Amino acid sequence: MKTLTGHQSQIYAIAFDGINIATGSLDSSVRIWDGKTGAEKAVLMGHTSLVGQIQMRGNTLVTGGSDGSVRVWDLEKLRCVTRMAAHDNSVTSLQFDDKIIVTGGSDGYVKVSPAF
């Protein structure tokens, strides 16, 4: 068993696609790890508070935070390609496909947005 270290606080979200592991934390960062070796590949910054929602598909990672924002990340370039102010408070759930991002928030709304 390997232990991956790097976050400065609790981890609230994990996604694994067989290649990469993505983690979201109370420290407001998203970290990308190599799923085989456990090596840290990147630290993605942009959220201003807890990152509690993560979904990964192909080279795309979508994250939702307690800051109400949703961010779309390119995992090849390891950078944010889209930022959406989705909710007045925390993003509590999210799903996406090639065309749409659907999020739920603690504001009681479901938001449907064009992806990317």
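Colleague: Which residue is the bridge partner of G104 in β11?
Modeller: This is a predicted model. β11 covers residues 110–114 and runs antiparallel to β10, joined by five bridges. In that strand, the bridge partner of G104 is V110.

Colleague: Which residue takes a positive phi in the hairpin of β10 and β11?
Modeller: The hairpin has four residues between its strands. Phi near 90° is positive, and the residue that takes this value is G108.

Colleague: How many residues lie between β9 and β10 in their hairpin?
Modeller: β9 spans residues 91–96 and β10 spans residues 100–105. They pair in the antiparallel sense over five bridges. F96 stands opposite I101 of β10. The number of residues between the two strands is three.

Colleague: F96 has a ring. Which residue has its charged end over that ring?
Modeller: A charge counts as sitting over a ring if it is within 6 Å of the ring centre and within 35 degrees of the ring normal. Here the distance to the centre of the F96 ring is 5.1 Å. The charged end belongs to R57.

Colleague: And how many aromatic pairs does the structure hold?
Modeller: To pair, two ring centres must lie within 6.5 Å. The number of aromatic pairs in this structure is zero.

Colleague: Turn to the start of the chain. Which residue in the turn between β1 and β2 has a positive phi?
Modeller: β1 and β2 pair in the antiparallel sense over five bridges. A15 has A22 of β2 as its bridge partner. The two strands form a hairpin with three residues between them. The one with a positive phi of about 95° is G18.

Colleague: Is strand β2 largely enclosed or open, and why?
Modeller: N20, A22 and G24 point one way from β2. I21, T23 and S25 point the other way, and all are buried. That makes six of the six residues buried, so β2 is largely enclosed.

Colleague: What is the bridge partner of N20 in β3?
Modeller: β2 also pairs with β3, in the antiparallel sense, over five bridges. In β3, N20 has as its partner D34.

Colleague: S28 is in the loop between β2 and β3. Is S28 buried or exposed?
Modeller: S28 has phi near 75°, a positive value in a residue other than glycine. The hairpin of β2 and β3 has four residues between the strands. Buried means under 20% relative accessible area. S28 stands at 12%, so it counts as buried.

Colleague: L78 also has a positive phi. Is L78 buried, exposed or partly exposed?
Modeller: L78 is found in the loop between β7 and β8. Its phi is near 55°, and L78 is not a glycine. L78 has a relative accessible area of 33%, so it is partly exposed.

Colleague: Which are the edge strands of the open sheet of four strands?
Modeller: The sheet has the order β5-β6-β7-β8, with antiparallel pairing. An edge strand pairs on one side only. That applies to β5 (51–57) and β8 (79–85).

Colleague: By how much are neighbouring strands of this sheet turned against each other on average?
Modeller: Direction is ignored for this angle. The average is 20°.

Colleague: Which residue in β7 does T60 stand opposite?
Modeller: β6 (residues 60–65) and β7 (residues 69–74) pair in the antiparallel sense. Five bridges join them. Opposite T60 stands D74.

Terms used. Residues are numbered from 1 along each chain as its sequence is written. This is a predicted model: local features need pLDDT of at least 70, side-chain atom pairs count only at pLDDT 80 or more; totals for chains, interfaces and linings use all residues. Side-chain values use heavy atoms; hydrogens and water are left out. Two strands pair if DSSP finds at least two bridges between them. Axes are lines fitted to C-alpha atoms, for helices over the stretch in contact, and angles run from 0 to 180 degrees between N-to-C directions. Buried means under 20% relative accessible area, exposed over 50%, partly exposed in between (1.4 Å probe, protein chains only). Rings of Phe, Tyr and Trp (its six-membered ring) pair if their centres lie within 6.5 Å; planes under 30 degrees apart count as stacked, over 60 as edge-to-face and the rest as tilted.
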